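Work through the exercises below with the sequence and the coordinates open. Each task is followed by a solution in steps.

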Amino acid sequence: MTAQGPQTASNADVPRRNWAGNVRYAAKAFHRPTSVDDLRRLVAGSPRIRAVGSGHSFNRFGDTDGDLVSLAGLPPVVEVDHERRQVTVSGALRYGDVAQQLHTQGYALANLASLPHISVAGAVATATHGSGQTHGNLASAVAGLELVTADGDLLRVDRDTDTFAGMVVGLGALGVVTRVTLDIVPTFAVRQYVRLDLDRAALDEALGSAYSVSVFTDFRSPRLREVWRKQVADQAPPSADWLGTTAADQPRHPVLGMPAENSTPQLGEPGPWHERLPHFKLGFTPSSGDELQSEYHVARSAAADALAALDDVADLIAPVLLVSELRTVAADELWLSPNYRRDSFVLHFTWVEDTAAVLPVVAAVEERLAPFAPRPHWGKVFVTDPAEMSTRYPKYADFTTLLTNLDPTGKFRTDLLNHYFPRPLSG
Ligand SMILES: Cc1cc2nc3c(=O)[nH]c(=O)nc-3n(C[C@H](O)[C@H](O)[C@H](O)COP(=O)(O)OP(=O)(O)OC[C@H]3O[C@@H](n4cnc5c(N)ncnc54)[C@H](O)[C@@H]3O)c2cc1C
């Protein structure tokens, strides 16, 4: 049975599959309410429901067999609180849209992911991140949440709430997030330089050399193909022989063969933060479009060893890889954040769009990284054993308790969520 709540005419706009196309949502009904009251009635009346954001996740954490609800029909809100240096936004808004409005008002977010196309609530739910040794992931900027809980009530929580650190990276399992309050900073300008052919020995220095740095490689050579250095505009540009690299003389795309036009401007041209921190422009296809992704966070101090551990399986990785990206993320206090109390080095893989070919390689990568207690990205493809996963998060049991308290009947649960967070036996 699914909810008989407000089925708006526009529910045809709710995505039936994820962006990558590897997940066809199994929901029996799709909803796009136009008011929070309608949403509350829908949630209260549904035995099984889930929110979908912009559908950029690669796994089935958000795939319900009940009602799937998009918040894209709710009124868009971007309210700046100048005194607190915070902005409250509708959860369904894309980071790219929020960023443009913030910049116009003289503000910025401290960091962004590689693409501005993702919804704020969906990105925060999976601890989406950009790069930068001193910057936390996007969830770490969350100062408050408003969510519709299982009984249809509207709950507001902030950093003073006891369980707040458990609620931010909530995997969509604690309620439907209608509004998110984010910390903001004064707007700033960034220049992006791409450098070619980095020696691995210089990886740590390269990653720490600017505001946000990404290193791209393909596991076909021990050398690292490209460094994307996003630096605040008044930092001196890299010298001609910076870390033994050479300067790219034309704009690049991280995936070889894809149009550089889709990428944010490079060659040191200054521009606002939101048009340089992501790799991809809003309005253009991000990445390749035909792909799967996996990503693993290890301790930053283990970067060189973790990368070296994959050398043994490089000949398995390379044939199914479009590109690999290496980034850093600062530690935070959020229970299910892969960066929980650990400054992180992050190994990302953009795979070919072939699940059968990719899964054995994902397993091989996880096996090689196991000594480093990797924490997988919650929105990407991974095969980690649930028992093993629970050892990687000191607050795993606390999150399971929170989940049970907020959603006692399992309304927001999905098969994959149950796999990783089994319902405690009652009685
Ligand atoms: C091309 C590409 C590039 C990417 N680059 C990066 C990157 O640079 N860094 C990174 O960390 N990740 C990256 N990702 C992964 C992506 O950021 C995450 O998967 C993110 O969760 C996607 O946000 P979304 O709005 O599409 O969420 P969805 O995929 O729609 O949903 C994700 C989860 O959030 C839940 N959810 C969505 N909306 C709500 C809501 N309103 N209330 C409660 N729960 C909700 C869903 O139920 C689901 O469980 C990339 C993905 C793609 C496709």
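Buried means under 20% relative accessible area, exposed means over 50%, and partly exposed lies in between (1.4 Å probe, protein chains only). The model is predicted, so local features need pLDDT of at least 70 and side-chain atom pairs count only at pLDDT 80 or more, while totals for chains, interfaces and linings use all residues. Residues are numbered from 1 along each chain as its sequence is written, and side-chain values use heavy atoms, with hydrogens and water left out.

**Exercise 1.** Determine how many salt bridges a search of the whole structure finds.

Solution. Step 1: apply the criterion, a side-chain nitrogen of Lys or Arg within 4 Å of a carboxyl oxygen of Asp or Glu. Step 2: the search of the whole structure gives 20 salt bridges.

**Exercise 2.** Describe the salt bridge between Arg159 and Asp183 and state whether each residue is buried, partly exposed or exposed.

Solution. Step 1: the N to O distance between the two side chains is 2.7 Å. Step 2: locate the partners, using DSSP runs numbered from the N terminus (helices, H or I, of at least four residues; strands, E, of at least two). Arg159 lies in the loop between strand E8 (154-158) and helix H4 (164-167), and Asp183 lies in strand E9 (residues 176-183); the pair is 24 residues apart and links distant parts of the chain. Step 3: Arg159 is partly exposed, at 43% relative accessibility, and Asp183 is also partly exposed, at 26%.

**Exercise 3.** Find which residue forms a salt bridge with Glu295, then classify the partners by accessibility.

Solution. Step 1: the partner is Arg327, with the closest N and O atoms 3.1 Å apart. Step 2: Glu295 is in strand E16 (residues 292-299) and Arg327 is in strand E17 (residues 321-329), 32 residues apart. Step 3: Glu295 has a relative accessible area of 1% and is buried; Arg327, at 5%, is buried. Step 4: Arg327 also meets Glu325 in a salt bridge, at 3.5 Å from N to O, and Glu325 counts as buried at 5% relative accessibility.
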